[in-house]
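I opened the model to look up a few items. My entries follow in the order I made them.

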Amino acid sequence: MSKVSRKLSLGVALGSVALAELERCGLAPLVVVVRADDKLEWLPPEIGEPGARRTETCLTAHLGLSFSLRCGLNAVLPHDPDAVVVALADQPFVTKDLVNRLIEAFRRTPGLDYAASSGNGTMMPPALFARSVFPSLQQLDGDRGAGRILNSSEFKGAVIEDDTPLFAMDADTEGDFLNVQRQWLLQNTRQEDFTGK
């Protein structure tokens, strides 16, 4: 079973939560990069504009995060985007509001190369990258993702602090997943108690 297929609660897969939130942002195209062996059972029903979501199989994803990033970027390049948003499916507490704040920072400040989220003083996904950064994203290698770009003085960026540190939680390890699951259950049990649903 893939990491993103693991259940946070009954019927709720880890990867489905972040993906549904990204769809609520109206991103188009929304490219979901998956490994070749992913059975895709974690994908929720499409809730955005019909046809806006596309699944892209990355045959080299096992070689590191940079390969998945490059695969996703290559999938959107034919649409000639001004920028791309990079998010991870194992971050279930990322919100539509946070992603929209990244987009707004980019729109408000001409010349930005990126707008990145920050948690615990570290820049991280979700992050928006301008077209000016696409060649550098294409050159990334290994499992570091775009951290080298975010931490480089070569690029001009905006850092968006989220109101809650929860967005930074991800499920990289078994312990991380259990912490995410625990927080998910706490948060959703409280919401159910409050709404009666």
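I looked up cysteine 71 and found it buried, because its relative accessibility is 13% (buried is under 20% relative accessible area, exposed over 50%, partly exposed in between, with a 1.4 Å probe and protein chains only). Cysteine 25 is buried as well, at a relative accessible area of 15%.

I then searched the whole structure for disulfides (pairs of cysteine sulfur atoms within 2.5 Å) and found zero. Cysteine 71 is in no disulfide; its nearest cysteine sulfur belongs to cysteine 58, 3.8 Å away.

A note on the source: this is a predicted model, in which local features need pLDDT of at least 70 and side-chain atom pairs count only at pLDDT 80 or more, while totals for chains, interfaces and linings use all residues. Residues are numbered from 1 along each chain as its sequence is written, and side-chain values use heavy atoms, with hydrogens and water left out.

I checked pLDDT (the predictor's confidence in each residue, from 0 to 100). The protein chain has a mean of 90, with 95% of its residues at 70 or more. Among its elements (DSSP runs numbered from the N terminus, helices being H or I of at least four residues and strands E of at least two), α6 has the lowest mean, 80, and strand β5 (residues 83-86) the highest, 96.

Next I searched for aromatic pairs (rings of Phe, Tyr and Trp, the last by its six-membered ring, with centres within 6.5 Å; planes under 30 degrees apart are stacked, over 60 edge-to-face, the rest tilted). The whole structure has one. The rings of phenylalanine 93 and tryptophan 184 have centres 6.4 Å apart and planes at 40 degrees, so I logged the pair as tilted. Phenylalanine 93 sits in the loop between β5 and α3 (96-108) and tryptophan 184 in helix α6, so the pair ties together parts 91 residues apart in sequence. Both residues are buried.

Elements giving two or more residues to the lining are α1 (14-23) and α6 (174-195).

Last, I checked helix α1: nine of its ten residues are buried, so it is largely enclosed by the rest of the structure. Val17 and Glu21 are among the buried ones.
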